[in-house]
Every structure is written in C-alpha cells, then in structure tokens.
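The structure comes first, and the description follows.

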Amino acid sequence: MMFNTGSSLLDAVVLSVVAREKEGTYGYKITQDVRSVLDVSESSLYPVLRRLQTGGLLETYDQEFSGRNRRYYKITDQGMTELDGYRRDWREYCSKVNSIFFGDEA
C-alpha cells in the first residue's frame, strides 16, 4: 500500500537526503535516494530542487566529474532550520497516527 506524498513531505525528504552529505550531493544521487523511500518520478524531483534553491533552503555549485560539470546541492542554514521543523512535525504526526493505529501499544 502506498500513502499519498504531499509536497511538504517531499520537501522534507529531499532536504534530509541533501543534509546527510556535508559537502552536498548531486541531483541523480538525490533522486535515487528519494526514490528508494518514495514512489516519485525522477522528473518531478528537479522542480523540487529548484524550488528549494529559490527559497534559500539549498545552494548549488558545479564541480567537474569525468570531464563534465556536475551540479551539487548543499543545504543552507535556513534549510537546516526548515528541516528541523519538518522533523519535529513528523515526530508529532507519527505519534498521533501510531496512537490511532496501535492504541496503548505504540
């Protein structure tokens, strides 16, 4: 069974994936990591990356790799603050859903 993936959840997952790499990570790796946990198309993730960058949550830099430029994404301080908020909200959300699903055993 698949649950609906809203834009906030997708933003949170993308920020979390990028935050795992201190020096940043590149688009293809981000899409693979996100797709390992969410059923989203690769083409839908690049607009998310651009939106997060435009919002000041991610920054980019290009670096040469095998003779080609590769765009890397790195989380900003503002992005970390946003991610921390998503994490708090997620814990609260999970707690509430678990209490409905499992009652006292959660």
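## Aspartate 11

The model described here is predicted. Aspartate 11 is found in helix H1. With a relative accessible area of 8%, aspartate 11 is buried, because the cut-off for that class is under 20%. Leaving aside residues up to four places away in sequence, aspartate 11 touches Val48, Arg51, Leu52 and Tyr86.

## Overall fold

How many helices and strands does the chain contain? Its secondary structure comes to four helices and three strands. In sequence order the pattern is α-β-α-α-β-β-α.

The C-alpha trace spans about 55 × 30 × 20 Å along its principal axes. The chain has 106 residues, and buried residues make up 30% of them. Of the contacts with a separation of 6 or more, 50% are accounted for by residues 24 or more positions apart.

## Helix H1 and its cover

Helix H1 has 13 residues. From its first C-alpha to its last, H1 reaches 18 Å, which is close to the 18 Å expected at 1.5 Å a residue.

The buried residues in H1 are Leu10, Asp11, Ala12, Val13, Val14, Leu15, Val17 and Val18. What covers these residues includes the helices H2, H3 and H4 (77–102). The cover also includes the strands S1 (25–26), S2 (58–65) and S3 (68–75).

As background to the helix pairs below, two packed helices are described by the angle between their axes and the distance between the axes.

## H1 against H3

At what angle do the axes of H1 and H3 cross? The axes of H1 (residues 7–19) and H3 (residues 42–54) cross at roughly 80° and come within 10 Å. H1 and H3 are therefore roughly perpendicular to each other.

On the H1 side the contact involves Leu10, Asp11, Val14 and Leu15. These meet Leu45, Val48, Leu49, Arg51 and Leu52 in H3. By class, the residues of this contact are seven nonpolar, no polar and two charged.

## H1 against H2

The axes of H1 and H2 also come within 10 Å, and their crossing angle is roughly 120°. That angle makes H1 oblique to H2. The crossing of H1 with H2 is right-handed.

In this contact Leu10, Val13, Val14, Val17 and Val18 of H1 meet Ile30, Asp33 and Val34 of H2. The residues of the contact divide into seven nonpolar, no polar and one charged.

## H2 against H3

For H2 and H3, the axes cross at roughly 115° and come within 10 Å. The crossing of H2 and H3 is right-handed. H2 contributes Gly27, Tyr28, Ile30, Thr31, Gln32, Val34 and Arg35 to the contact, and H3 contributes Glu42, Leu45, Tyr46 and Leu49. The contact of H2 with H3 has six nonpolar, three polar and two charged residues.

## Lysine 29

Lysine 29 lies in helix H2, which covers residues 27–35. Is lysine 29 buried or partly exposed? Its relative accessible area is 29%, so lysine 29 is partly exposed. Lysine 29 and alanine 19 are ten residues apart in sequence, and their C-alpha atoms are 13 Å apart in space.

## Serine 66

The loop between S2 and S3 holds serine 66. Serine 66 is exposed, with a relative accessible area of 64%.

For context, most residues other than glycine have a negative phi.

## Glycine 85

Glycine 85 is found in helix H4. Its relative accessibility is 15%, so glycine 85 counts as buried. In sequence, glycine 85 and glycine 56 are 29 residues apart. In space, the C-alpha to C-alpha separation of glycine 85 and glycine 56 is 15 Å.

Notes. Residues are numbered from 1 along each chain as its sequence is written. This is a predicted model: local features need pLDDT of at least 70, side-chain atom pairs count only at pLDDT 80 or more; totals for chains, interfaces and linings use all residues. Side-chain values use heavy atoms; hydrogens and water are left out. Helices (H or I, at least four residues) and strands (E, at least two) are DSSP runs, numbered from the N terminus. Buried means under 20% relative accessible area, exposed over 50%, partly exposed in between (1.4 Å probe, protein chains only). Axes are lines fitted to C-alpha atoms, for helices over the stretch in contact, and angles run from 0 to 180 degrees between N-to-C directions. Angles under 35 degrees count as roughly parallel, over 145 as roughly antiparallel, 65 to 115 as roughly perpendicular and the rest as oblique. Contact means heavy atoms within 4.5 Å. Ala, Val, Leu, Ile, Met, Phe, Trp, Tyr, Cys and Pro count as nonpolar, Asp, Glu, Lys and Arg as charged, and the others, Gly among them, as polar. The expected span of a helix is 1.5 Å times one less than its number of residues. A crossing is left-handed if the near helix is turned anticlockwise from the far one by less than a right angle, and right-handed if clockwise.
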